[in-house]
Amino acid sequence: MTDSPQPTEQVQNPLIVGIRFQKIGKLYHFDASKEPELKPGDYAIVETSRGVQIGQVVQRLEEPPAPPQQGTWKPIERKASVGDLEVHKNIQKKEVEAMIEARASASKLNYKGVKIVKAEFSFDRKMLTFMYNTEEDKDVDLGKLRKEMLKLYKNTNIEMRRIGPRDVAKILGGMGACGLESRCCSTFLTDFSPISIKMAKAQGISLDPGEITGMCGRLRCCLIYEYEQYVEARKTLPKRGKEVQTPLGRGKVIDVVPLKQAVLVSLPEGKRAEFLKHEIEPWDELEALRRKSEAPCDRHENGGCDCGKANYNTAQKKTDD
């Protein structure tokens with residue numbers, strides 16, 4: 001008598017949630033299988049590489065993402081209770097006090113060009129991180145300041161972390177260079193993309209530093225928002241200096257309007273006019289067709305073929321229409 005096959009157990013996917021530890025911060029994934037009732041807006045206590053932290057759930061993933069390099073997601077310790085939230089509020093007050101203490105100590109120690117931007121406690125108060133920025137683009141030894149903070153916050157691991165000017169602007173907030181009451185980095189940007197001067201050039205934006213520089217002193221993050229659209233739009237339009245055939249005659253492209261799919265053309269007698277892409281033809285292509293139509297056909301005997309002429313006439317008719 002043979003044994004009947006045993007039913008295979010179906011492996012259930014873990015419940016993965018996305019958590020942020022700052023209002024506009026990076027998203028980190030955790031295993032919430034032990035807390036299946038967690039929903040966006042709830043707070044949870046988790047163990048991280050920077051100690052025990054409290055964060056807000058912002059999403060529940062229907063399908064788990066690719067596993068992290070460690071091979072698995074860290075589990076959520078528990079859903080934050082009302083008492084945990086009160087503790088979190090008190091910690092935030094302590095962070096402001098710690099920042100003020102660090103700024104005062106840095107001033108006494110004569111750390112020139114060093115700005116203490118923010119202080120962060122872990123939820124269990126075992127780690128205190130001071131984020132700072134320097135005026136010059138080089139690091140500064142803050143060993144003495146760290147020792148002073150260790151005297152004030154005993155049994156606490158003190159870390160001094162240097163951050164860039166964009167991170168400073170994100171933390172401080174304030175009005176953007178465009179005039180909006182809040183900066184993009186403090187409103188919705190969770191990561192900073194690389195920005196280059198070519199993005200401003202591709203969009204025809206003035207290269208005046210006052211026009212392309214944000215309040216942080218770096219190129220504005222918004223330069224990347226429409227950059228790809230401009231690049232794609234320019235691929236189908238003639239470049240500046242290109243000669244084109246227009247409904248008003250032959251002219252030269254002096255400017256490009258990518259998002260409108262149009263060009264500004266300089267015409268004879270000093271005239272200028274704007275034409276949409278379908279209204280113009282490249283002059284060099286038309287000239288090549290004209291020459292082909294005038295040359296004898298090398299594919300048919302006795303020169304009886306007029307295929308080149310037909311191609312040119314077709315293109316010319318399209319331009320006239």
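In the residue classes applied here, Ala, Val, Leu, Ile, Met, Phe, Trp, Tyr, Cys and Pro count as nonpolar, Asp, Glu, Lys and Arg as charged, and the others, Gly among them, as polar. The model is predicted: local features need pLDDT of at least 70, side-chain atom pairs count only at pLDDT 80 or more, and totals for chains, interfaces and linings use all residues. Residues are numbered from 1 along each chain as its sequence is written, and side-chain values use heavy atoms, with hydrogens and water left out.

**Figure 1. Overview of the protein chain.** The secondary structure comprises 9 helices and 13 strands; helices (H or I, at least four residues) and strands (E, at least two) are DSSP runs, numbered from the N terminus. Of the 321 residues, 33% count as buried, where buried means under 20% relative accessible area, exposed over 50%, and partly exposed in between (1.4 Å probe, protein chains only). The accessible surface comes to about 21300 Å², and 50% of this area belongs to carbon and sulfur atoms. Among contacts between residues at least 6 apart in sequence, 53% join residues at least 24 apart, a contact being heavy atoms within 4.5 Å.

**Figure 2. The largest pocket and its lining.** The volume of the largest pocket is about 1700 Å³. Its lining consists of 49 residues, of which Phe-21, Gln-22, Gly-25, Tyr-28 and Glu-120 lie nearest the centre. Two or more lining residues come from each of β2 (28-31), β3 (43-48), β4 (51-60), α1 (82-108), β6 (114-121), β7 (127-134) and α3 (165-172). The largest share, 5 residues, is given by β4. By class, the lining has 20 nonpolar, 17 polar and 12 charged residues. On a 1 Å grid over the protein atoms alone, a pocket is an open set of points where a 1.4 Å probe fits, with protein on both sides within 12 Å along at least five of seven lines; lining residues have an atom within 4 Å of a point. Grid points are joined across faces, edges and corners, and the volume is the space filled by probe spheres set on the points.

**Figure 3. Strand β1 and its two partners.** Strand β1 (residues 16-20) is mostly covered, with 4 of its 5 residues buried. Antiparallel pairing joins β1 to β2 over 4 bridges, and Ile-19 stands opposite Tyr-28 of β2. That residue, Tyr-28, is also one of those nearest the centre of the largest pocket. Strand β1 pairs with β4 as well, again over 4 bridges and in the antiparallel sense; here Gly-18 faces Gln-59. Two strands are taken to pair if DSSP finds at least two bridges between them.

Figure 4. Strand β9 (residues 243-246) is joined to β13 by 2 antiparallel bridges, and Gln-245 has Glu-281 of β13 as its bridge partner.

**Figure 5. Leu-223 and its contacts.** Leu-223 is placed in the loop between α6 (209-212) and α7 (227-235). With a relative accessibility of 4%, Leu-223 counts as buried. Residues up to four places away in sequence aside, Leu-223 touches Ile-195, Met-199, Ala-200, Gln-203, Ile-205 and Ile-212. Its C-alpha atom is separated by 9.8 Å from that of Thr-213, 10 residues apart along the chain.

**Figure 6. Gly-113 in the loop between α1 and β6.** Gly-113 belongs to the loop between α1 and β6 and, at 24% relative accessibility, is partly exposed. Leaving out residues up to four places away in sequence, its contacts are Asn-133, Thr-134 and Glu-135. Between the C-alpha atoms of Gly-113 and Glu-136, which are 23 residues apart along the chain, the separation is 7.3 Å.

Figure 7. Arg-125 lies in the loop between β6 and β7 and, although not a glycine, has a positive phi of about 65°. Its relative accessible area is 37%, so Arg-125 is partly exposed. Asn-155, in the loop between α2 (143-152) and β8 (157-162), is likewise not a glycine and has a positive phi of about 60°. With a relative accessible area of 80%, Asn-155 is exposed.

How values were computed: Areas by Shrake-Rupley, 256 points an atom, 1.4 Å probe, with all protein chains shown as cover.
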